[in-house]
Amino acid sequence: MLSFAAVGVLAYAADLALFTVLRGPGGLETLTAKTLSFAAGCTVAYLGNALGTYRDARPRGARPALVFLAVNVAGALVQLLCLAVSHYGLGLTSQRADTVSAAGVGMALATLLRFWGTRTLVFNNENRVGSWTG
């Protein structure tokens, strides 16, 4: 779990940094900036999990990467929903509000979904001691 968290921190940092640059100095629209930063964070997360956290699961072929992408798209949709509700629904349109809703609240909810999906659907090594250990 610590390795998953470390990879998550790196992916989160890549996502947040790129979102901040694209939304601020880059001048991109909010959801476009978040979509591009998500793609960067997702790439960092897959490589970190495949080469580090779940290296013993030895995923083969395109299926694990596609399922990983699907799990992360579901997580991104959670983040985008939080961002859309905050930005467009509640009228909180500052860069700080966008960052809190997407990278704070949205990321926390999406992380729970991603942890479950990555561990259960992508890197499901049957040699684990239990569903949340080993």
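**View 1. H1 gives the largest pocket the biggest part of its lining.** Helix H1 supplies 8 residues here, the largest share of the lining. This is a predicted model, so keep that in mind for every view. H2 (30-53), H3 (63-89) and H4 join H1 as the elements that each give two or more residues to the lining of the largest pocket.

**View 2. A look into the largest pocket, about 290 Å³ in volume.** In total, 19 residues line the largest pocket. Zoom in on the centre and you'll find Gly8, Ala11, Ala45, Met107 and Arg114 lying nearest to it. Sorted by class, the lining of the largest pocket comes out at 11 nonpolar, 6 polar and 2 charged residues.

**View 3. H1 packs against H4.** Here helix H1 (residues 2-23) meets helix H4 (residues 95-122), with the two axes 11 Å apart and at an angle of about 150°. Angles over 145 degrees count as roughly antiparallel, which is why H1 gets that label relative to H4. As for handedness, H1 passes H4 in a right-handed crossing.

**View 4. Who touches whom between H1 and H4.** On the H1 side, the contact is made by Phe4, Tyr12, Asp15, Leu16, Phe19, Thr20 and Arg23. H4 answers with Gln95, Asp98, Thr99, Ala103, Met107, Arg114, Phe115 and Thr118. The class tally for this H1 contact with H4 is 7 nonpolar, 4 polar and 4 charged residues.

How values were computed. Residues numbered from 1 in each chain as written. Predicted model: local features only at pLDDT ≥ 70, side-chain atom pairs only at ≥ 80, totals over all residues. Heavy atoms only, no water. Axes fitted to C-alpha atoms, helices over the stretch in contact; angles between N-to-C directions. Helix = DSSP H or I, 4+ residues; strand = E, 2+ residues; numbered from the N terminus. Parallel < 35°, antiparallel > 145°, perpendicular 65-115°, else oblique. Left-handed = near helix turned anticlockwise from the far one by under 90°. Contact = heavy atoms within 4.5 Å. Nonpolar A, V, L, I, M, F, W, Y, C, P; charged D, E, K, R; others polar. 1 Å grid on protein atoms, 1.4 Å probe; cavity = no way out; pocket = protein on both sides within 12 Å on 5 of 7 lines; lining within 4 Å. Points joined across faces, edges and corners; volume = space filled by probe spheres on them.
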